[in-house]
Each structure stands twice: as structure tokens, then as C-alpha cells.
Amino acid sequence: MAKAVNENCVFSVLTEKDLDSCVAFVHEYYTFSEPFRVIVDQYLDECPQIDTERIKKKLTDEASIGVFDKNGLLIATGFGGINDKFQSSLCCKCQTPAKDSSRYLSIINGMISFLEDGLLDELQTNKFLMIAILVVHPSHRRMGLASKVVGKLEERAHDLGIGCVVVNASSAYSQKLFEKLGYKKLRQLMYADFFDEKLQCKPFIKPNPPHDSAVLYFKFINCS
Ligand SMILES: CC(C)(COP(=O)(O)OP(=O)(O)OC[C@H]1O[C@@H](n2cnc3c(N)ncnc32)[C@H](O)[C@@H]1OP(=O)(O)O)[C@@H](O)C(=O)NCCC(=O)NCCS
């Protein structure tokens with residue numbers, strides 16, 4: 001996709017050369033109260049490469065969008081992984097033995113399984129683009145930038161011949177955003193109610209608005 005200039009910003013497909021700036025941006029601006037993110041942070045102590053690995057994996061698909069300001073600084077990201085479930089994107093290959101965080105990961109994996117298991121069958125598709133880590137720099141929020149990034153991700157999916165876009169939206173703000181863009185709710189997990197049958201436990205996440213549920217959304221788009 002050619003670079004498109006939108007007022008003072010440039011939207012472009014992110015590639016592996018953007019890895020370091022993406023990792024720095026995500027560390028700095030992805031909200032630390034975001035429940036799923038908290039798990040990654042717990043894990044970072046034991047496995048410092050986890051962000052780098054999961055972002056690198058997505059960049060290889062060349063289906064992620066970055067927005068750069070006029071000085072070339074990253075001000076927004078939306079990562080797209082082809083058939084990339086959130087669960088698999090949490091796995092790191094650095095082989096650091098997991099300690100405390102392995103329990104957190106088991107719990108989060110239970111929640112993700114609840115949301116995502118059987119996804120392909122339910123949507124009757126064999127290919128989807130999973131949107132993740134949609135982040136806008138705090139001084140550029142509420143200007144429609146995240147919505148434009150999602151639009152560009154849909155265009156990218158279309159160009160890659162993918163007809164279905166999926167997202168796990170874990171804040172009431174992003175849930176509103178995706179609903180406005182025509183996304184349909186597939187499953188919802190309320191943190192206050194969820195009980196993991198396999199682990200026989202409730203998640204440790206305390207509902208903290210706007211983070212009180214995770215919703216898996218999908219949208220079918222026309223593809224070539
Ligand atoms: C969520 C986030 C990506 C939204 O980015 P943004 O560029 O401000 O979003 P947009 O301007 O495109 O907003 C589109 C709509 O989403 C909803 N929305 C977005 N932010 C909101 C907020 N803080 N409060 C209430 N509604 C909000 C609104 O309905 C908004 O439309 P409106 O401005 O016409 O009312 C941004 O706040 C962010 O980076 N948050 C931290 C990371 C995060 O939580 N990401 C989502 C994880 S799934």
C-alpha cells in the first residue's frame with residue numbers, strides 16, 4: 001500500500017525495520033491498566049523479549065499500520081496478524097523458565113480460549129486478520145486517528161485477500177469505537193463473572209472501568 005498523507009500525518013504499513021520504534025512506543029503508551037497488558041508486564045520481568053517477539057511476529061505479516069507525525073515520530077499503531085490468535089502471540093521463544101507469571105499466563109490463556117476457541121468454525125472462514133495493540137499517543141486522542149488506523153487495517157486485509165477482521169477489545173472505549181465502525185459482537189467476557197472451569201478459579205483482574213470486559217468482535221469486508 002502506498003503511503004497516504006492525512007493532513008499532517010503519514011499512514012504506512014509497518015515492517016521489521018520499524019521494530020525498535022514500535023516496541024518503544026508500545027512500552028511508553030499502551031495503557032498499563034489494560035488488564036491483558038498487565039499480564040504482559042508481569043511477564044516482562046522474567047521474559048524481557050516478550051513485547052519484541054510478539055511485535056516482530058506481527059510485523060512479518062506486513063499487515064500492521066503505523067501513523068507518523070511530520071517529524072517522522074510514531075503517534076499511533078494498529079497491529080494486524082494473519083490468523084494470529086492473541087494466545088499464540090503471547091508465547092515467547094527465549095526459553096526463560098516461567099516463574100510466578102506462568103500462573104498469570106495460564107489464567108489469561110483460559111480467558112482468551114473462552115473468547116477465541118472455535119473462532120474459525122463459527123465465522124466459517126479459514127483466514128482472518130486479528131487487530132491488536134491499537135494505541136494512539138495521548139496528545140492525539142479523540143481526533144479519529146484510531147478509527148482511521150482501523151480503516152487502513154481493513155484496506156490492508158482487503159489487499160491481502162482477507163475477508164474477515166477480528167479484534168479482542170478490552171476497554172469500553174475501544175468497544176465503542178469498533179461498534180461505531182460496524183463490528184459485530186461475537187463473545188463477551190465480563191471480568192466480574194468469569195469462572196475458569198479448567199483452572200477452577202476466577203481471574204485476578206478487578207473490573208476497573210473502562211476495563212471491565214473483553215469483547216471479541218468481527219467484521220466481514222469485501223476482499224479481492
Ligand atoms: C482506545 C484508543 C486507541 C482510541 O484512540 P482515538 O484515536 O482517541 O479514538 P477515536 O478518536 O478514533 O475514537 C472513536 C470513538 O471511540 C470512542 N472513544 C474513544 N476514546 C474514548 C474515550 N476516552 N472515552 C469515551 N469514548 C471514547 C468514541 O465513541 C469515539 O468517537 P467520538 O470521539 O466521536 O465520540 C486510545 O484511547 C488509546 O490508545 N488508548 C490506550 C490503549 C488502549 O486501551 N487500546 C485499546 C485496547 S483494545
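This note goes through a predicted model point by point, from the overall fold to single residues.

1. **Overall make-up.** The protein has 224 residues, and 36% of them count as buried. Its secondary structure consists of eight helices and eight strands.

2. **Nonpolar core.** In soluble globular proteins, nonpolar side chains tend to be buried together. Here the largest nonpolar core holds 42 residues. Leu129, Ile131, Val149, Val165 and Val167 touch the most other members. Strand β5 supplies the largest share of this core, eight residues. Val167 is worth a look in the viewer. Setting aside neighbours within four places in sequence, Val167 contacts Met130, Ile131, Phe178, Tyr183 and Tyr217.

3. **Strand β5 and its partners.** β5 spans residues 129-136. The strand is mostly covered, with eight of its eight residues buried. It pairs with β4 (residues 74-82) in the antiparallel sense, over six bridges. In that pairing, Thr77 stands opposite Val135 of β5. β5 also runs parallel to β6 (residues 164-169), joined by three bridges. There, Met130 faces Val166 in β6.

4. **Ligand shell.** There are 21 residues around the ligand. Arg141, Ala146, Ser147, Tyr173 and Leu177 come nearest. The elements giving two or more residues to the shell are β5, α7 (145-159) and α8 (172-180). Of the shell, α8 gives the largest share, five residues. By class, the shell has 10 nonpolar, six polar and five charged residues.

5. **Helix α3.** Which residues of α3 (residues 50-59) are buried? They are Ile50, Asp51, Arg54, Ile55, Lys58 and Leu59. These residues cover an arc of only 160° around the axis, so they sit on the same side of α3. The buried set includes Asp51, Arg54 and Lys58 as well as Ile50, Ile55 and Leu59.

6. **Backbone points to check.** Most residues other than glycine have a negative phi, and most peptide bonds are trans.
   - Ile133 has a phi near 45°, a positive value in a residue other than glycine. This residue lies in strand β5. Ile133 counts as buried because it has 22 C-beta neighbours inside 10 Å, and the cut-off is 20 or more.
   - Gln124 has a phi near 50°, again positive in a residue other than glycine. Gln124 belongs to the loop between α6 and β5. With 7 other C-beta atoms within 10 Å, Gln124 is exposed.
   - A cis peptide bond joins Pro209 and Pro210, with omega about 10°. Pro210 is placed in the loop between β7 (184-190) and β8 (213-220).

7. **Leu119.** Leu119 and Arg187 are 68 residues apart in sequence. In space, their C-alpha atoms are 10.0 Å apart.

Key. Residues are numbered from 1 along each chain as its sequence is written. This is a predicted model: local features need pLDDT of at least 70, side-chain atom pairs count only at pLDDT 80 or more; totals for chains, interfaces and linings use all residues. A residue is buried if 20 or more other C-beta atoms lie within 10 Å of its own, exposed if 12 or fewer, and partly exposed in between; C-beta atoms are placed from the backbone. Helices (H or I, at least four residues) and strands (E, at least two) are DSSP runs, numbered from the N terminus. The arc is that of the directions from the helix axis to the C-beta atoms. A residue is near a molecule or strand if its C-beta atom, placed from the backbone, lies within 6 Å of it. Ala, Val, Leu, Ile, Met, Phe, Trp, Tyr, Cys and Pro count as nonpolar, Asp, Glu, Lys and Arg as charged, and the others, Gly among them, as polar. A nonpolar core is a set of buried Ala, Val, Leu, Ile, Met, Phe, Trp, Tyr and Cys residues joined through C-beta atoms within 7 Å. Two residues are in contact if their C-beta atoms, placed from the backbone, lie within 7 Å. Two strands pair if DSSP finds at least two bridges between them.
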